[in-house]
Amino acid sequence: MKRDALLTNEIDSVATALADLARGQEAAFERGGGVERIVVGEDIPFGHKFALADIAEGATVLKYGEAIGRATAFIGRGMHVHVHNLESMRGRGDLAGQGGGAKK
Amino acid sequence: MKFMGYVRPDGRVGVRNHIAVIPASVCAATVAARIAEQTEGAVALPNQHGCAQIGPDLDVTFRTLAGLGANPNVGAVLVIGLGCESVQADDLAREIAKSGKRTESLIIQKCGGTLKAQEQGLRIARELSQEVSKIARTEADFSKLVLALECGGSDTTSGLAANPVHGYVSDRLVEMGGASILSETTELIGAEHVLARRAVTKEIGDRLIEMVRACEAKANAMGVDMRGSQPTPGNIQGGLTTIEEKSLGCIYKGGSSPLQGVLEYGEAPGGKGFYFMDTPGQDIESITGMVAGGAQVVIFTTGRGTPTGFPLAPVIKITGNPITFRLMEENIDINAGTIIEGTESIPQVGERVLAEIEEVCNGKLTKAEALKHMEFGIYKLTSTF
């Protein structure tokens, strides 16, 4: 079966595009042994991520079944997830004075 | 699995038979390089270190240079010192000679200058060159291998395809009785708890967590967001968003074997199995640390594509990105992009990598070797004084 995106863990909030995906395109991916489809809301370049469900601002985003950061804005289902709406919670010397340094 | 290697006096087995010309300090680097240039089989390790370093920072340089000289890929060593530097050439030569291999040293100030040191050095190197040429390859077991697991220029295919291939290869080598080393402490930030769970004792797991904490604290002390450096601009273009995401993909290189120990930069593993070494995320310095720790072969995943090699050890490049493979085939040995395209599985590519390692151990040159890529750099803890 042709897959357009890859999910690394069933609890993940994002999937990774396995090819350049165009806005409005239906992307197929496997979850729990079945195939699911999602319409991407904007162009997703190869190797980039999109949201599998709505993500609230401030929510922890999961990939590989682990936290990869927090959403800095609301991210709609099918939308591109990258540096414009997802930030690290680690290595943040800029937040160190505000107790944000090594916060989990 | 077996390979034809060079058995050294200390029982370790090399896959290459180099003569290492090692400058004890930056001041001896030019003379060392000139001697190596004119001697068959010789490679120099030019570096900016070895003087006006203090305490643990000086120890790192000494341990690294000594470990590189002792690496079984090296058949004989010539240490070049200026004479007045912190790393004394004779001390370094004595430490390397504990491995049992022939180790010579030369002091530029004693020889009477550049030309005299070069002449004397070339005479010694010529002799070493002929001597190591007589060492024949003999059959050795894969259990003699220490494999360095490196990644650089990562993108999202690294964590999804190429790094899991490394993990498969590492697990298979550990099953065969060999050792593997994962490195890059920065690239454990956000993933350290996953790796620590695999430590054979709680102390080893705690030490790993502490190493990562110290690395993160050092970065945080700069008062900036790490992003832009970790992940790098290229990582970000490739789709990696945060250091946590990069780290979680990075640790797939370590497979699923139990973590036997945590090593200082340049320290040799005390036994067999899977180890972690405390190195920076900078590829070249990371590889130097692992080769100083005794690794004979480096496997290196890259999503964006990188040409780097190393003076003393073959570096096998693997990409999980099919576009990068087509674009940079002249630098990349193995295409794991087939996993992303759905035409091959992780174990299938893993077996191809093992077959490539076998050939490279037997003497096949990697693309980085054929192109004479010899990037080299030693980690520093602090500034010079």
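Here are some notes on how the two chains of this predicted model meet and how parts of each chain are arranged.

1. **Where the chains touch.** Let's start with the contact between the chains. Chain B brings 37 residues to it, and chain A brings 30 residues. Putting the two together buries about 2,600 Å², and carbon and sulfur atoms give 54% of that area. On the chain B side, the residues that lose the most area to chain A are B:Leu160, B:Thr241 and B:Glu244, which together make up 20% of what that side buries.

2. **Which helices of chain B face chain A.** Several helices of chain B each supply at least two residues to the side that touches chain A: α6 (156-175), α7 (192-196), α8 (202-220), α9 (233-237), α10 (243-250), α12 (322-327) and α13 (337-341). Of these, α10(B) gives the most, with 5 residues. By residue type, this side of chain B divides into 15 nonpolar, 15 polar and 7 charged.

3. **Two domains in chain B.** Now look within chain B. Its domain assignment gives domain 1 (18-134) and domain 2 (143-370). Taken over C-alpha atoms, the centres of these two domains of chain B are separated by 29 Å. The domains do meet: 14 residues of domain 1 of chain B are in contact with 15 residues of domain 2 of chain B.

4. **The surface between those domains.** About 1,100 Å² is buried between domain 1 and domain 2 of chain B, with carbon and sulfur atoms giving 63%. On the domain 1 side, B:Arg63, B:Leu68 and B:Asn73 supply 40% of the buried area, more than any other three residues. The interface between these domains of chain B has 0 salt bridges, while 5 residue pairs are in polar contact, both at pLDDT 80 or more. In domain 1 of chain B, β3 (18-23), β4 (42-44) and α2 (55-70) each supply at least two residues of the side that touches domain 2. The largest share, 5 residues, comes from α2(B). This side of domain 1 of chain B divides into 8 nonpolar, 5 polar and 1 charged.

5. **A sheet in chain B.** Three strands of chain B form an open sheet in the order β2-β1-β7, with antiparallel pairing. Strands β2 (13-14) and β7 (138-141) of chain B are at the edges with a single partner strand each, so one side of each has no neighbour in the sheet. Strand β1 (residues 2-7) of chain B is joined to β7(B) by 4 bridges. To trace this pairing, look for B:Gly5, which stands opposite B:Thr138 in β7(B).

6. **A sheet in chain A.** Chain A has an open sheet of 4 strands in the order β1-β2-β5-β8, and the pairing is antiparallel. Here the edges are β1 (5-6) and β8 (80-81) of chain A; each has a single partner strand, so one side of each is left without a neighbour in the sheet. Strand β5 (residues 49-51) of chain A pairs with β8(A) over 2 bridges. In that pairing A:Lys49 stands opposite A:Val81.

Key
Residues numbered from 1 in each chain as written. Chains lettered and ligands numbered in written order. Predicted model: local features only at pLDDT ≥ 70, side-chain atom pairs only at ≥ 80, totals over all residues. Heavy atoms only, no water. Contact = heavy atoms within 4.5 Å. Buried area = accessible area lost by both parts, 1.4 Å probe. Nonpolar A, V, L, I, M, F, W, Y, C, P; charged D, E, K, R; others polar. Pairing = 2+ DSSP bridges. Domains from an automatic or database assignment. Salt bridge = Lys/Arg side-chain N within 4 Å of Asp/Glu carboxyl O. Polar contact = N/O pair within 3.5 Å; in protein donor to acceptor, adjacent residues only side chain to side chain.
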